[in-house]
Structure formats: structure tokens, C-alpha cells
Amino acid sequence: EKSGVPPLESLSPAQARAQYAQGAAIVAGHPPEIFATRDLEAPGPFGAIPLRLYTPRDPRGDRLPVLVYLHGGGYVIGSRDSHDVACRYLALGGDCLVASVDYHLAPEHPFPEPVDDCWAALEWIAAHAPQLGGRSDALAIGGDSAGGNLAAALCLLARDRGGPGIAFQLLIYPGIDMTLGFPSQQLFANGYRLTHSLIEWFYDQYFSGADRNRRDPRCSVLLAEDLSRLPPTLIIGAGYDPLRDEGLAYHKRLVESGVRTRHSLYPGMIHGFINMTAFLDASRACLDECGRELRACFAARSTQSGD
């Protein structure tokens, strides 16, 4: 508020992207050093999909596990650049490759096109993991906010389509029910960065195409009839986030469905806090927690496969 910048929902999508990119660079701070980054592309249904591959250390001939990461931004803003620092922390903490996906954004590409884009990227990364230096048998998917929603949707699709095999899903304050019916949506409708008006603006852009069904399980994953046979899951929540309650509800449904899952709440935090590594100890602590969980999951996968 003190910065005096206009609300994102008062801007055009292009203006909002530029303003968000500037702010993201300030709050993320200095990127931690890693062994290598590489920009590449995957083919997609709407043109090439930009990716960024993070290699945390010299692999010395070893193939590393792979985390496919989908950035947040309400399906309208955000990029592999805005989430560069977070992906570096995840690569280092998880001791894994991170493939950050720059899927096409709304309103130019409304629902379900970002889902289709991310699915194409996931399939391509899974098929090319060995060439990228990764293990095709140790593949995780994750994302924050809108990216967490897309990651959860892709896990359902992968289960129902018979692959790719996903070993773990990392969902950081995911949007998981677009009907906006949980109490936290009203409790934190104003004053905590992700306001109700901004959420509605994001959703208006996302559902600007022919398919406007907000109850579709590809967007409201919580409403899927069957949540069984999904990969082990870590859900991160923020205490002052309008999406807080739906993330907790998804955790409870996964438990009821027999999925190994853990919910970790950061009580004093707001939506978007993992990108604020320049200022918040909790941001770095959360990324460290995610990295430990990834590392443990991949280690268990190695034991199961006899590596």
C-alpha cells in the first residue's frame, strides 16, 4: 500500500505482468548459486513452451531426480523468471533437477489451455528425463497458488491416463476449489495481498473462453469424485491466505482417500510468501522444508527401485 502502485486488477494483463515481475525481483533478493541453469523449450499444443532446467550440483555422471515446477500468478501473471529464486532453493534442498514450466497464460489462453500446456510439458520432460540428466523413475510435480492447482490437476490426469508416473506432489498454498465457498475467502477478502477482487479478476481472465465451468475437476480438484491412488503429497498453507481453508480441506480428503499426505501451516504468513526470500525467514524455512520432503521422497524411491 505504501508503494503507491495500482492494484493488479486495475491494470491490463500485460501491465499486471510487468508490475508483478518488478515486485517479484525485489522481494526475492539475490539468487543462491547452483551448478547450472539451462533454458530450453518443449513442444506444446499452442506453440513452444519455455522451460528452465536447474541443476543443483555437479552430477558426476549420476542422474538426478526431477521436480516439474509450475509457477503461480493466478494463470495471468508470473513466469520462470519470477520464480527463479524459489526454484533454485528447491533444486538445492531437494538435490534434484527442477524443470520450471512457462506455460501459456490467460486471457490469451483461457481454461483449460494452461492445463493442456502443462500436461504437454510434463509428458515431454518425463520422456526426455535421461537426456536432461534426470531419472524418469523419480519424477515429482509441484507448484504454488495457480501452479499448485495445475500440479494437482495433472496428478489426477496422470492417474487416469496411466502415466507419467509421479512420485510426489508439492502443493504450495494451492487454489483447489474455485467456487470460493470457504470461510477464509471471507475472513481475508481484503488487506492480505491476495484480495477477493484480485481473485475474481484472475478467474475472470482464466474463464474467459468457451469453457467456464468452475466446478470442473481440472480446476476445482477438490470436487473430483475420486482422489484415491494419488502420489504422496505435501500441502503448504499460509495463515492469512484466502486459500487457506481449501488447502486444508484437500489434505483431509486425501487422507480419507488413503493418500499419504502432510499439511504444513505457516501461521503468520500471507499468500505468496515463498517468493519473499529477501525479507522473510519463513520463506526460506518453507523452501527448506519442501526440499527436505522432496529429498526424503526421492530417497525412498531409490530404495524401492534398488538404486
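Which residues of H1 are buried?

## Helix H1

The buried residues of H1 are Pro13, Ala16, Gln19, Tyr20, Ala24 and Ala28. Buried means under 20% relative accessible area, exposed over 50%, and partly exposed in between (1.4 Å probe, protein chains only).

The buried residues pack against helix H2 (84–94) and helix H6 (196–206). Contact means heavy atoms within 4.5 Å. After H1 comes glycine 29, with a positive phi near 75°.

## About the model

This is a predicted model: local features need pLDDT of at least 70, side-chain atom pairs count only at pLDDT 80 or more, and totals for chains, interfaces and linings use all residues. Residues are numbered from 1 along each chain as its sequence is written, and side-chain values use heavy atoms, leaving out hydrogens and water.

## The sheet

Eight strands form an open, mixed sheet in the order E1-E2-E4-E3-E5-E6-E7-E8. Helices (H or I, at least four residues) and strands (E, at least two) are DSSP runs, numbered from the N terminus. Two strands pair if DSSP finds at least two bridges between them. Strand E1 (36–42) and strand E8 (261–270) are the edges, each pairing on one side only.

Strand E7 (residues 233–240) and E8 pair in the parallel sense over seven bridges. Threonine 233 has threonine 261 in E8 as its bridge partner.
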